[in-house]
Amino acid sequence: MAAARGLRAGGCYRCRRPLSSASSSGSGRAAERPDSVGPGFRPPAYSHSDWIGPPDKLSNLRPIIFYVPPEESALERRLREARQEAQASNQRFWARHNRAFHQEKEEFMYSRLKAKGLEMRDESGQKATLNAEEMADFYKDFLNKNLKKHLQYNRDWYKRNFRITFLMGQVALVRALRWLRRRKKNVEQ
């Protein structure tokens, strides 16, 4: 989807201008700015595309700043808002999931190292590690413990994406009909 819309991380795909933190979007075509995007990430006013930001530190997802056309229809607004809600939901889920994963991993490593009579750091200050088999036990337990959360997330993800796909189809149909009407009008003149 991103490639089809002409998106590019860090700059405008069409004009190849770099991302500028000094430019603002005050021209009526302002892009929505999600809370997870850093202060230096803002598309310039001349941009007419969605922009993909740098990966979020907690979720590892790349946030999107959606372009808002000046004459956005109600249907197009519903599509954009559905995409924004899907992005926000994914951000929340993966930030919580990754936070829990790292916390439980640290606790697991601490308990295993303590059972072996080792500290979290060795004499040289390096962080102690466990072997692959021990970590595989942790990964298996973590996934089993979070199976219901993942199943619910997947169900919600599919629902959201079917809704977005349906709205995209409606928007494409409306745009195609609008284009055909304009073309017919131009041919008659």
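Visitor: What is the relative accessible area of Glu 104?

Guide: Glu 104 has a relative accessible area of 21% and is partly exposed, because buried means under 20%, exposed means over 50%, and partly exposed covers what lies in between (1.4 Å probe, protein chains only). Before we go on, please keep in mind that this is a predicted model, in which local features need pLDDT of at least 70 and side-chain atom pairs count only at pLDDT 80 or more, while totals for chains, interfaces and linings use all residues. Residues are numbered from 1 along each chain as its sequence is written, and side-chain values use heavy atoms, with hydrogens and water left out.

Visitor: How many helices and strands are there in the chain?

Guide: Helices (H or I, at least four residues) and strands (E, at least two) are DSSP runs numbered from the N terminus. Here the chain holds three helices and two strands, and reading along the sequence gives the pattern β-β-α-α-α. Of its 189 residues, 31% are buried.

Visitor: With which residue does Lys 145 form a salt bridge?

Guide: A salt bridge is a side-chain nitrogen of Lys or Arg within 4 Å of a carboxyl oxygen of Asp or Glu, and a search of the whole structure finds eight of them. Lys 145 is bridged to Glu 104, with the closest N and O atoms 2.6 Å apart. Since Lys 145 lies in helix α2 and Glu 104 in helix α1, the pair ties together parts that are 41 residues apart in sequence. Lys 145 itself counts as exposed, at 56% relative accessibility.

Visitor: Where do the partners Lys 127 and Glu 106 lie?

Guide: Lys 127 and Glu 106 form a salt bridge whose closest N and O atoms are 2.8 Å apart. This pair links distant parts of the chain, with Lys 127 in the loop between α1 and α2 and Glu 106 in helix α1, 21 residues apart. Lys 127 counts as partly exposed at 38% relative accessibility, and Glu 106 counts as partly exposed at 32%.

Visitor: Does Glu 134, at 12% relative accessibility, count as buried or exposed?

Guide: At 12% relative accessibility Glu 134 counts as buried. Glu 134 forms a salt bridge with Lys 116, the closest N and O atoms being 3.1 Å apart, and the pair links distant parts of the chain, Glu 134 being in helix α2 and Lys 116 in the loop between α1 and α2, 18 residues away. Lys 116 counts as partly exposed, at 45% relative accessibility.

Visitor: Which residues make up the largest nonpolar core?

Guide: In soluble globular proteins, nonpolar side chains tend to be buried together. A nonpolar core is a set of buried Ala, Val, Leu, Ile, Met, Phe, Trp, Tyr and Cys residues joined through side-chain atoms within 4.5 Å. In this chain the largest core has ten residues: Phe 101, Phe 108, Met 109, Leu 113, Met 120, Ala 128, Leu 130, Met 135, Phe 138 and Phe 142. The elements giving two or more residues to this core are α1 and α2, and α1 gives the most, with four residues. Another core, of seven residues, lies apart from it and has Leu 75, Ala 86, Ile 164 and Val 171 among its members.

Visitor: How many aromatic pairs does the count come to?

Guide: Rings of Phe, Tyr and Trp (its six-membered ring) pair if their centres lie within 6.5 Å, and planes under 30 degrees apart count as stacked, over 60 as edge-to-face and the rest as tilted. By this rule the count is eleven aromatic pairs. Phe 101 and Phe 138 form a tilted pair, 5.5 Å centre to centre with 50 degrees between the planes. Phe 101 lies in helix α1 (residues 74–115) and Phe 138 in helix α2 (residues 132–145), so the pair ties together parts that are 37 residues apart in sequence. Both residues are buried, and together with Phe 108, Tyr 139 and Phe 142 they form one aromatic cluster.

Visitor: With which residues is His 150 in contact, leaving aside its neighbours within four places in sequence?

Guide: Contact means heavy atoms within 4.5 Å. Beyond those sequence neighbours, His 150 is in contact with Phe 93, Trp 94 and His 97. His 150 is found in helix α3 (residues 147–188) and is buried, with a relative accessible area of 18%.
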